[in-house]
Amino acid sequence: MAQKPNQRGATRSSVKATKRHWPKRSSFSPAQYLRAHKMTLRDSFMRLVNYPLSSVMTVMVIAIALSLPGGLYVLLKNVQSVTDQWEQQSVISLYLFAEVEDAQALALSHQISAQDNVASVEYISKEEGLRYFERSSGYEQILSSLPENPLPIVLQVIPKEAVDVASLPVLQALRDQLAAQKEVEYAELDAQWLQRLANILSFGQRFVYVLSTLLMVAVFLIVGNTIRMSVESRRDEVLVMKLVGATDAYIRRPFLYMGFWFGVLGGFFATLCILLLSWWVSAPAKRLIDSYQSDFLLQTFNADEIVLCLTISAFIGVIGAWIAVNRHIVNIELQ
Amino acid sequence: MEIEFQRVSKKYESGQEALSQVDFHLHQGEMAFLTGHSGAGKSTLMKLMMMIERQTAGQILVDGIDLRTLSRHAIPQHRRRVGVVFQNHQLLFDRSVFHNVALPLQVSGADPKQVAKRVRAALDKVGLLDKENQNPMALSGGEQQRVGIARAVVNKPQLLLADEPTGNLDPKLSAEIMNLFQEFNHVGVTVLVASHDLALVARMRHRVLTLNQGRMVNDGGFA
């Protein structure tokens with residue numbers, strides 16, 4: 001009984017202490033929050049280091065999955081920069097109808113050469129065409145056996161615009177305009193190869209986009225699955241943390257950082273892989289390119305692209321982890 | 001902390017009724033035992049108090065606040081005010097005793113210096129200050145249970161719940177554990193201990209609530 005007042009005193013003071021202590025939210029400070037994040041960032045990295053084999057495997061799978069679209073992107077970038085530099089004088093050949101007379105053809109030739117976008121027009125008469133054909137084709141006998149010259153008058157129009165990937169549509173428009181002349185039977189823009197190249201490039205671009213999307217989805221799934229297994233292996237911890245009042249955000253945090261590390265490390269090794277590959281192919285590529293022209297520089301990832309690659313991979317890692325964690329921590333409750 | 005159950009029922013989706021129309025009032029600073037056969041609803045009642053599960057009918061008031069009005073996001077705040085001790089300890093064996101006890105403080109974002117001070121105070125209270133660096137796996141059953149208790153009280157909760165805390169312990173250790181709860185009650189913590197050890201409960205001379213098939217069949221004196 002002698003203890004009783006003492007106990008009462010203790011009761012009152014401890015009630016006060018607990019009341020003072022309870023509203024944690026109000027004692028929130030940004031410095032504390034940042035410190036907690038810094039600690040989690042380090043802890044989640046240490047966790048990867050503590051399970052080196054599985055971590056390295058996951059990071060490498062992500063790196064390979066990312067380096068594939070990255071490498072194709074670099075390849076495409078180089079092909080594009082090469083083709084952008086390839087220019088040549090373009091020619092639009094107008095094959096006139098057989099019944100068109102010389103005088104009429106000449107008039108048309110003058111009319112076309114007066115156009116702003118035309119540099120010059122070369123007039124090739126039927127006879128000139130025949131001679132040219134005989135010289136170059138070796139079909140003299142067959143040609144001389146024909147009753148009359150089968151060749152039409154040809155106007156070779158040289159546009160002012162040089163042909164390259166960018167100017168191709170302009171030249172195609174000019175060809176169409178010239179083809180619409182009533183004397184012209186058929187107009188040919190001598191840039192079929194360029195058209196084909198443009199098509200291949202745009203196909204390649206689409207291909208890279210599709211492949212990138214698929215592989216990024218793969219990275220999402222890899223990170224998600226790894227995080228899911230990690231949540232599963234830390235089930236007891238999550239359970240206890242929930243019981244002692246951890247918020248979902250607190251439980252989620254280490255897993256999100258884990259996803260972040262997977263993403264960043266995967267992106268880092270993917271970048272390394274691409275830089276190494278570019279360096280490896282640079283010598284033969286340079287020799288190949290030099291045989292066409294001299295002023296080409298092999299391009300690889302620049303600083304901006306490295307930062308972008310790391311950002312994207314970190315982002316994918318965090319989002320993948322977020323989805324996996326949210327799906328799983330909700331289900332972990334004391335049974 | 002003051003707890004009031006008003007006609008609380010819990011029916012699981014399987015159709016089993018774990019609690020039906022349970023009424024009781026646990027006053028601020030009171031200590032009580034909850035007894036009953038296994039399956040009588042003791043654990044369910046504790047889970048409702050922890051908001052691990054929600055009742056299907058009736059009202060649970062905690063300090064006058066209806067738990068039904070609390071959203072999912074308010075649950076962590078609620079749990080920080082309640083300390084829980086389980087029969088199977090729920091300790092984490094991947095970290096030391098110290099870090100097990102520190103967990104409730106860490107999740108609430110406490111200052112590390114404060115954490116160390118409080119953890120040592122809690123371990124001192126359960127007599128395990130010298131074991132702070134050990135892995136809980138290396139401790140005996142009774143010691144593990146005391147680590148669990150230290151973890152439950154480190155946050156200075158206003159309510160202490162214990163679900164069969166002496167389940168695996170011999171009578172002497174069980175009595176020690178119960179005495180610990182009593183000490184916490186003496187400093188103002190509301191304590192509710194679920195136990196089927198009727199002899200032990202009777203010796204403690206506290207209020208006894210008895211559940212039978214989900215119904216409160218006895219509320220009052222000693223068992």
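Reader: Which residue in E7(B) does B:Val82 stand opposite?

Author: In this predicted model, strand E6 of chain B spans 82-86, and E6(B) pairs with strand E7, residues 159-163 of chain B, in the parallel sense over 5 bridges. Within E7(B), the residue standing opposite B:Val82 is B:Leu159.

Reader: Why is one side of strand E6 and of strand E10 of chain B left without a neighbour in the sheet?

Author: The sheet is open and has 6 strands with mixed pairing, in the order E6-E7-E8-E3-E9-E10 of chain B. Strand E6 (82-86) and strand E10 (215-220) of chain B each lack a neighbour on one side because they stand at the edges, each with a single partner strand. Direction ignored, neighbouring strands of this sheet are turned against each other by an average of 15°.

Reader: What angle does the direction of helix H5 of chain B make with that of E6(B)?

Author: Helix H5, residues 141-153 of chain B, packs on the sheet and touches both E6 and E7 of chain B. The direction of helix H5 and that of E6(B) make an angle of about 170°.

Technical notes
Residues are numbered from 1 along each chain as its sequence is written. Chains are lettered from A and ligands numbered from 1 in the order in which they are written. This is a predicted model: local features need pLDDT of at least 70, side-chain atom pairs count only at pLDDT 80 or more; totals for chains, interfaces and linings use all residues. Two strands pair if DSSP finds at least two bridges between them. Helices (H or I, at least four residues) and strands (E, at least two) are DSSP runs, numbered from the N terminus. Axes are lines fitted to C-alpha atoms, for helices over the stretch in contact, and angles run from 0 to 180 degrees between N-to-C directions. Two residues are in contact if their C-beta atoms, placed from the backbone, lie within 7 Å.
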